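Take a look at the model below, and then we'll walk through it piece by piece.

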Amino acid sequence: MFAVTPSPYMVLGPDLVIADVNDAACRVTGRTREDLLGRYLFDAFPENPADPGAEGVRILHDSLHRVLRTKETDAVAVQKYDIPVADQPGMFEERWWSAINTPVLGPDGQVAWIIHRGEDVTEFLLSHPRPREGGAFSNMEAIEAELFERARELQRLNEELRQANARERQLALTLQEAMLRSPHLARHRDTAVRYLPAAGSLNVCGDWYEVVDLPENRFAVAVGDVVGHGLEAATVMGMLRSALSASIRAVDGPARALDCLGLYARYVEGALATTVVQAIVDRHTRRITYSCAGHLPPVLVHLDGTCDLLDQATDPPLGARPEPVPRPQADLTFTPGDTFVLYTDGLIERRGEDIDVGLQRLTDALARYAHHSPEHLADALLAHLGVSSGARDDIALIVVRL
């Protein structure tokens, strides 16, 4: 189908090197497959030096890089883009094109290929010049000319929309950073945190992390996950995070803090079914006390690479029971140099895969990189699990060297 479709198509790699072309693309450009395959697109079709005012090369270049950056299809309105004449070095032929660039994502969620379709509209444009004084367009010509002008206007509006979206994303990211700010985190030099929104989201999500210093040489760490994405989920996240931060300071132990949070969540729209894990680390007794509300188990990584899953105090998510029931709590000892890892489900869950497979993949990666510093361990973990640039779900991660 690719070979015989009448529309010209090229397949480009993320380096914009031509990986394949169909017969229509060869015909419309006057080139052979052998001449085009393996060449950088803008080497094969360079700018016409005799027409420096033409912007076709820049516009196509910007469109392709938008696709690589946003992983979304990008359409280009009609533009002048002259192409070299085959077998006549230095000679260019005037051409007008309407193009669309479509990303093909690989298993890692990154752009593996770009499908470039370029429709040659030169014949139409050159055969429909502006009428001389006293002349007039036919009805069909007037409609076609109007469509052409509308296409150029659409391109301008699309560019304005892209700029507005960029501003909205930056605003959303600033809001998220403000809500995730943890004043006590700066005191913990051996703690690394990471926050990654789902690929294609607005840079905001309902996942969170928190570090809170407590009296008697103790500190609390937590991660949570509100259902959904975007500004609504982020707003609920901010409310729950603040409530839990206050509760862990006011009551005795993680379980009672989650009890308080569960009661509060019943009166916050969108908060039910939130999952949370809250832990308190006591450096004096070398114990971790924890409680989970429907959340995946944290991991304690020992110096020899062995891992303990903290799964002995697991309870349903917030609001799952019709009547409040005291939540369970458990504890375990640690050795100085161990690493405590808390995370949200986007780090390990994969569609169609049992959660135990994801947990095994996580513990294997932690054992492999246990000797790394917290910052390097966090980065290595995201890279090993294939989510460095975002996953299908949001991710919050906290790595504590004890």
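## The whole chain

Let's start with how the chain folds back on itself. Take the contacts between residues at least 6 apart in sequence: 61% of them join residues at least 24 apart. Keep in mind that what you're looking at is a predicted model.

The chain has 402 residues, and buried ones make up 46% of them. As for secondary structure, you can count 10 helices and 18 strands.

## H7 meets H8

For H7 and H8 (residues 254-265), the angle is about 140° and the axes are 9 Å apart. Roughly antiparallel would take an angle over 145 degrees, so H7 and H8 count as oblique to each other. The crossing of H7 past H8 is right-handed.

Which residues of H7 and H8 meet? H7 brings Met239, Leu240, Ala243, Leu244, Ser247 and Ile248, while H8 brings Pro254, Ala257, Leu258, Cys260, Leu261, Tyr264 and Ala265. Sorted by class, this contact between H7 and H8 has 12 nonpolar residues, one polar and no charged ones.

## H9 meets H10

Now try the pair H9 (355-368) and H10 (374-384). H9 and H10 pack at an angle of about 140°, and their axes are 10 Å apart. That makes H9 and H10 oblique to each other, too. H9 passes H10 in a right-handed crossing.

On the H9 side you'll find Leu362, Ala365, Leu366 and Arg368, which meet Leu377, Leu381 and His384 of H10. By class, the contact of H9 with H10 has five nonpolar residues, one polar and one charged.

## What covers H10

Several residues of H10 are buried: Pro374, Leu377, Ala378, Ala380, Leu381 and Leu382. What covers them? The cover includes helix H9 along with strands S8 (191-196), S17 (339-343) and S18 (395-401). After H10 comes Gly386, which has a positive phi near 75°.

## Loops to look at

Most residues other than glycine have a negative phi. Lys71 isn't a glycine, yet its phi is positive, at about 60°. You'll find Lys71 in the loop between helix H4 (56-70) and strand S3 (74-80), and it is partly exposed, with a relative accessible area of 22%. Arg286 also has a positive phi, near 55°, in a residue other than glycine. Its loop runs between strand S11 (275-282) and strand S12 (287-293), and at 44% relative accessibility Arg286 counts as partly exposed.

Is His302 buried or exposed? With a relative accessible area of 19%, His302 is buried, because the cut-off for buried is under 20%. His302 sits in the loop between strand S13 (299-301) and strand S14 (307-309). Neighbours within four places aside, His302 is in contact with Asp308, Asp338 and Ala370.

Finally, find Asp190 in the loop between helix H6 (139-180) and S8. Asp190 is partly exposed, at 44% relative accessibility. Not counting residues up to four places away in sequence, Asp190 touches Pro374, Val399, Val400 and Arg401. Asp190 and Thr339 are 149 residues apart along the chain, but their C-alpha atoms are separated by 9.6 Å.

Conventions: Residues numbered from 1 in each chain as written. Predicted model: local features only at pLDDT ≥ 70, side-chain atom pairs only at ≥ 80, totals over all residues. Heavy atoms only, no water. Buried < 20%, exposed > 50% of the residue type's maximum accessible area, 1.4 Å probe, protein only. Helix = DSSP H or I, 4+ residues; strand = E, 2+ residues; numbered from the N terminus. Contact = heavy atoms within 4.5 Å. Axes fitted to C-alpha atoms, helices over the stretch in contact; angles between N-to-C directions. Parallel < 35°, antiparallel > 145°, perpendicular 65-115°, else oblique. Left-handed = near helix turned anticlockwise from the far one by under 90°. Nonpolar A, V, L, I, M, F, W, Y, C, P; charged D, E, K, R; others polar.
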